[in-house]
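Biologist: I would like a close look at a single part of this model. Please keep to the place where the chains meet.

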Amino acid sequence: MARSDVQLMLDVKAGDDSSFELLLRKYRTPLVNFLYRMVRDTATAEDLAQEVFLRVYRARKDYAPSAKFTTWMFRIATNLALNSRRDGRYRQLEVSIDQPAELEDGAPAFEVPDRQPGIEHQLIARDRADTIRRAVESLPEKQRAAVLLHKYQEMDYDEIAGILQCSESALKSLLFRAYETLRVELASLVETRRAESQPKTQSRRGEMRS
Amino acid sequence: MNCEQLQEILVAYLDIKATPAERRQVEAHLAECAACRGRAEEFQLLWGVLDELPAVPPSAAFSAAVRARVAQEPRRASFWNWVRPSPRLAFAGTALVVLSLWLSSSVPPARQQVATAQQGSEAEFRMIKDLPVLEDYDVLADFDALSDLSAPPQAGSELERPQM
């Protein structure tokens with residue numbers, strides 16, 4: 001039976017470093033992703049993610065499972081990201097479509113759907129991804145963190161509220177404002193998606209009628 | 001429910017995390033408000049658009065870098081580490097024993113001197129304390145009038161008995 005994150009952390013506290021390795025493998029990708037979208041730079045995101053894991057390890061002696069492990073870890077990550085941006089230590093780079101040449105999980109840098117394979121489709125997909133990334137990154141810090149945790153980490157409201165240290169009610173309003181901004185910013189992509197989905201819906205309806 | 005009140009519940013409704021009461025309120029509002037209905041639909045399309053953002057896995061060196069930094073952290077001492085002294089501690093202990101032996105071998109003469117000095121000063125103190133008695137003894141020994149006195153009465157004589 002798989003051990004919970006809290007149990008793994010308690011095992012680390014008891015001196016079992018192999019449990020820390022399991023936590024590292026489990027959370028390195030979501031953490032680097034989250035931080036990359038927070039600070040807009042791969043190298044800075046990896047530096048901060050290393051710092052998060054180091055702080056988790058250092059805190060093992062005093063660890064008490066008062067909150068979910070992910071709430072605790074992502075709170076550290078969020079604070080580090082916000083402080084990093086405020087300190088101006090991150091490298092303010094133009095958003096690049098260049099991804100790391102070699103990835104730890106062996107996954108492709110861009111996961112392009114196979115529906116229309118080919119270089120043209122890949123270029124379109126990259127262009128769309130770039131537009132989305134810019135829109136997400138232009139959100140105010142707290143709204144961006146809320147969207148990243150809600151949409152990409154799929155966390156519950158209470159957990160995100162715990163990380164951002166606000167009420168659930170305030171979080172829901174924050175998310176609404178963030179998605180409303182993105183809806184306007186990405187209106188063309190939303191319309192494209194609507195157009196892409198309508199023929200399928202119509203054909204499905206046709207199939208159902210026939 | 002109005003459009004403003006919907007804002008706080010809409011995301012939870014689309015996440016299918018609204019309470020049954022909230023769901024009924026939202027659906028009642030969406031049925032009569034085309035603007036909110038359109039927004040709700042576009043939110044769902046937007047979430048599909050956001051899914052197109054690719055994940056950025058960590059670089060190949062990431063985990064190794066974390067492990068290297070963690071390896072530099074001080075480890076908590078295990079039971080055997082606690083039982084088995086470190087070389088530094090062993091050296092310090094040995095040095096302490098050697099120092100104690102050396103000190104103990106050089107201490108007795110000093111202690112004897114101190115003891116002798118203490119004994120001498122105690123004898124002098126007693127002599128000074130008894131000095132008045134000694135002086136009285138010399139005076140009494142040379143006091144001629146005392147020799148004229150008769151011998152003291154023997155113990156148990158009538159004279160010593162109290163008169164009833």
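How many residues does the contact take from chain B and from chain A?

Modeller: This is a predicted model, in which local features need pLDDT of at least 70 and side-chain atom pairs count only at pLDDT 80 or more, while totals for chains, interfaces and linings use all residues. Residues are numbered from 1 along each chain as its sequence is written, and chains are lettered from A and ligands numbered from 1 in the order in which they are written.

The contact takes 44 residues from chain A and 31 residues from chain B; two residues are in contact if their C-beta atoms, placed from the backbone, lie within 7 Å. On the side of chain B that touches chain A, α1 (3–14), α3 (34–50) and α4 (62–71) each supply at least two residues. Helices here are DSSP runs of H or I with at least four residues, numbered from the N terminus. The most comes from α3(B), with eight residues. By class, this side of chain B has 20 nonpolar, five polar and six charged residues. Ala, Val, Leu, Ile, Met, Phe, Trp, Tyr, Cys and Pro count as nonpolar, Asp, Glu, Lys and Arg as charged, and the others, Gly among them, as polar.

Helix α8 (residues 168–185) of chain A packs with α1(B) at an angle of about 85 degrees, the axes being 8 Å apart. Axes are lines fitted to C-alpha atoms, for helices over the stretch in contact, and angles run from 0 to 180 degrees between N-to-C directions. The two helices, α8(A) and α1(B), are therefore roughly perpendicular, a term for angles of 65 to 115 degrees. Residues making this contact include Phe176(A) and Tyr179(A) of α8(A) and Leu10(B) and Val11(B) of α1(B). By class, the contact of α8(A) with α1(B) has six nonpolar, three polar and two charged residues.

Conventions:
Angles under 35 degrees count as roughly parallel, over 145 as roughly antiparallel, 65 to 115 as roughly perpendicular and the rest as oblique.
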